[in-house]
Amino acid sequence: MDSIDLSTSQMANYSRRPELIRLTAQQIQKDFGLAGFEITFSGNGDNAYNELFQQILPVINKLINFNYEKLLQLLYSIDVSEPKIKSELNTTDEPYPNVITRLIIYRELQKVVTRIYFKEKGSDF
């Protein structure tokens, strides 16, 4: 599926919509579940990013330290590319696991928004 390019401000707007937050959390739960990791979500949209970030970060740290191949498989299945990670690392002082975690959440939100965009666009035909 193609994706739409979303600016940081657009992502910020989308990340405040309760339905998109819920769908993004579900997408994260699905993708991590397929890799054997449980991610939970309270449903509290006000703290969704931090809640998801705090659950994903330890998984990423564990994979970096103990199963890098599985990390690469997870990133591939979520569609977070190595060039994107490297690009982000070149523009921030943020630790490697934090960058990966942030990019995962961003990509999962982007997938949800893209799916909705094309669904709505398709309903016009």
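## Surface and overall fold

The chain exposes about 7,700 Å², of which carbon and sulfur atoms supply 51%. The model is predicted, and every value below is computed from it.

**Exercise 1.** Determine how many helices and strands the chain holds, and state what share of its residues is buried.

*Solution.* 
- Step 1. The chain contains six helices and zero strands.
- Step 2. Read from the N terminus, the order of elements is α-α-α-α-α-α.
- Step 3. Of the 125 residues, 37% are buried.
- Step 4. Among contacts with a separation of 6 or more, 66% join residues 24 or more positions apart.

**Exercise 2.** Describe how the axes of H2 and H3 are placed relative to each other, and name residues that make the contact.

*Solution.* 
- Step 1. Two packed helices are described by the angle between their axes and the distance between the axes.
- Step 2. The axes of H2 and H3 come within 11 Å, and they cross at roughly 10°.
- Step 3. Angles under 35 degrees count as roughly parallel; H2 and H3 are therefore roughly parallel to each other.
- Step 4. On the H2 side the contact is made by Ile21, Ala25, Ile28 and Phe32, and on the H3 side by Ala48, Leu52, Ile56 and Val59.

**Exercise 3.** Carry out the corresponding analysis for the axes of H3 and H4.

*Solution.* 
- Step 1. These axes come within 6 Å and cross at roughly 130°.
- Step 2. An angle over 145 degrees would count as roughly antiparallel, and 65 to 115 as roughly perpendicular; H3 and H4 are therefore oblique to each other.
- Step 3. From H3, Ile60, Leu63, Ile64 and Phe66 meet Tyr68, Lys70, Leu71 and Leu74 of H4.

## The nonpolar core

**Exercise 4.** Which residues of the largest nonpolar core touch the most other members, and which element gives the most to this core?

*Solution.* 
- Step 1. In soluble globular proteins, nonpolar side chains tend to be buried together.
- Step 2. The largest nonpolar core has 27 residues, and Phe32, Leu52, Ile56 and Ile104 touch the most other members.
- Step 3. H2, helix H3 (48–66), H4 and H6 are the elements that give two or more residues to this core.
- Step 4. H3 gives the most, with eight residues.
- Step 5. For Ile104, with neighbours within four places in sequence left aside, the contacts are Phe32, Ile56, Ile60, Leu75, Ile78 and Val80.

**Exercise 5.** Is Leu20 buried or exposed, and how far in space is Leu20 from Gly45?

*Solution.* 
- Step 1. Leu20 belongs to helix H2 (residues 18–34).
- Step 2. The relative accessibility of Leu20 is 3%, so this residue counts as buried, the cut-off being under 20%.
- Step 3. The C-alpha atoms of Leu20 and Gly45 are 9.5 Å apart in space, while the two residues are 25 apart in sequence.

## Salt bridges

**Exercise 6.** How many salt bridges does the structure hold, and which parts does the pair Asp31 and Lys111 tie together?

*Solution.* 
- Step 1. The structure holds eight salt bridges.
- Step 2. In the pair Asp31 and Lys111, the closest N and O atoms are 3.0 Å apart.
- Step 3. Because Asp31 lies in helix H2 and Lys111 in helix H6 (residues 96–122), the pair ties together parts 80 residues apart in sequence.
- Step 4. Both Asp31 and Lys111 are buried.
- Step 5. Glu19 and Arg22 form a salt bridge at 2.3 Å, N to O. These two residues are three apart in helix H2, so about one helical turn separates them.
- Step 6. Glu19 is partly exposed at 42% relative accessibility, and Arg22 is partly exposed at 34%.
- Step 7. Glu82 pairs with Lys86, with closest N and O atoms 3.2 Å apart. Both lie in helix H5, four residues apart, about one turn of the helix.
- Step 8. Glu82 is partly exposed at 48%, as Lys86 is at 47%.
- Step 9. Salt bridges also link Lys84, Glu88, Glu94 and Arg102 in a network.

## A backbone angle

**Exercise 7.** Where does Asp79 lie, and what is the value of phi there?

*Solution.* 
- Step 1. Asp79 is in the loop between helix H4 (68–78) and helix H5 (82–90).
- Step 2. Most residues other than glycine have a negative phi.
- Step 3. The phi of Asp79 is near 80°, a positive value in a residue other than glycine.
- Step 4. With a relative accessibility of 47%, Asp79 counts as partly exposed.

Technical notes: Residues are numbered from 1 along each chain as its sequence is written. This is a predicted model: local features need pLDDT of at least 70, side-chain atom pairs count only at pLDDT 80 or more; totals for chains, interfaces and linings use all residues. Side-chain values use heavy atoms; hydrogens and water are left out. Buried means under 20% relative accessible area, exposed over 50%, partly exposed in between (1.4 Å probe, protein chains only). A salt bridge is a side-chain nitrogen of Lys or Arg within 4 Å of a carboxyl oxygen of Asp or Glu. Contact means heavy atoms within 4.5 Å. Accessible areas come from the Shrake-Rupley method with a 1.4 Å probe; for residues, only the protein chains shown count as cover. A nonpolar core is a set of buried Ala, Val, Leu, Ile, Met, Phe, Trp, Tyr and Cys residues joined through side-chain atoms within 4.5 Å. Axes are lines fitted to C-alpha atoms, for helices over the stretch in contact, and angles run from 0 to 180 degrees between N-to-C directions.
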